[in-house]
Amino acid sequence: MKREFLGYVRDNGLVGTRNYVGIMSTVVCANEVARAIKNNVKGCMLITHHQGCCQTPPDLKIITDSLISLAKNPNLAAILLVSLGCEGTDTDRIEKEITAFGKPVKKIVIQKVGGSINAISKGSVIAEQLLSKISSCKREKVDISRLIVGVKCGSSDATSGLASNPATGAAVDILVKYGGSVIFGETTEFIGAEQILTKRASSKRVSKRIYEIVNGMEKRAKTMGVDMRQGQPTPGNIAGGLSSIEEKSLGAIVKSGSCQIEDVLDYSEILGNRKGLYIKDTPGREPDALTGFVIGGASVVLFTTGRGAPQGHPVAPIIKICGNPQTVDNLGVHIDIDVSSILTENSSIKESGEKIFREIIDVASGKKVKAEICNYNETMDIWVKGPVI
Amino acid sequence: MKKRAVVCNSRDNVATVLEDIKKGSLITVNIEKRSIEIKIENDIKLGHKFALKYINKGDQIIKYGESIGTATSEIKKGEWVHIHNLESNRGRGDIERGIK
């Protein structure tokens, strides 16, 4: 099998699959200005969220760290920070750390430049200059071992655990065998399956850490004093045949394949040059989980779905894989890879895994995914654990 | 012949259907090398489960060889198994708070 793709090799050695200027809002109150700037300049991607103010210091630190790690993703060649000016996010530290990382970064502060209209106008000029600078970056041939791939499932049903997740697991095994890096997560969807995952931990410390993040997630859910069913599994999962979180989890973890789990990453942590299979502590919800993998450095994400989830992500192309023949018929506009023949024609999981691996190479080299074609790429958030106060 | 239902592990007491199935249908499922025929007691949608054998109230429901919850009523062979007769053992803040 072909093991090379055409990527953007950045100065620090990380390899991107896309070449964007990220218009990054540093607080929920700056989102609309960031959006207007992005709309004015082709080639920019919008990075927004609902965080950055009236939150406790531990969460403000997670938000600042997450934005720094996100800005380091190799799909972003330059960053324009859009700040309101009075937020809790540490925008000076963000600017300083991105600069130290060697990536072009500029900042516009709405309260300093005379309000939203001036910020949009000045910010758009800066974005145009950044875009013009990065647009000469060229793709070059690189080995698959330099790719970081995220793995996620969403709008799952019972076919996910039987077809799309095992097929994706087979692709993950190929990636790891070839020396690549893979990040999966959705800690909520380890509940009831942690006894299987921990057997694959690289050490007792990592096994203990997996139990810790699962217990933490379950404890937070239980503090509401209710059965979490309807929240997890969701009404859509339930309609698709998943009766409990345990059933959802047991079907979900197979998307991580069979390799050793090297370590557990915190939500705002970057993977860097580490190789192999890693867990990132994230919730199951798409905008927060996808952002978690991209924060880790994933420049492509595999996303299995049973009922059909449409969204992509601003920073990385999201490859949708579906094993439900009814969804493939009905929502083909959102499905990149159809693996329903595993269920309808007894096709092998290994063959479907190879098909997914070939698609990773193509998408990493520039082939557009359905979410990019449908222009459904702005759904994202940053996961925090504390209250808005 | 196309498979109409699948059993993930030989320890399982439920099977998952791979197409919409009508009440009264006879379904053949393979469990390792054995093949058994079961009469389906409800209309069952793609992805949903039926019992491979009689399950007592309070028994564990097993899929993928692991517990996916507890039966909240007796379940007949061939009967649909879902949230009306299966409850999760995890994430139960209600039990912890003594509501249930």
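Is Ile319(A) buried or exposed, and how many other C-beta atoms lie within 10 Å? Select Ile319(A): this residue is buried, because 27 other C-beta atoms lie within 10 Å (buried is 20 or more, exposed 12 or fewer, partly exposed in between, with C-beta atoms placed from the backbone).

Before moving on, note that this is a predicted model, where local features need pLDDT of at least 70 and side-chain atom pairs pLDDT 80 or more, while totals for chains, interfaces and linings use all residues. Residues are numbered from 1 along each chain as its sequence is written, and chains are lettered from A and ligands numbered from 1 in the order written.

Ile319(A) sits in strand β13, residues 318-322 of chain A (strands are DSSP runs of E, at least two residues; helices are H or I, at least four; both numbered from the N terminus). Show its contacts (C-beta atoms within 7 Å): leaving out residues up to four places away in sequence, they include Val300(A), Phe303(A), Asp336(A) and Val369(A).

Next, pick α5(A). Here 18 of the 20 residues are buried. Look for a kink of about 35° at Asn165(A), shortly before Pro166(A) (the angle between axes fitted to the seven residues ending there and the seven starting there). Just past the helix, Gly179(A) has a positive phi of about 90°.

How values were computed
Two residues are in contact if their C-beta atoms, placed from the backbone, lie within 7 Å.
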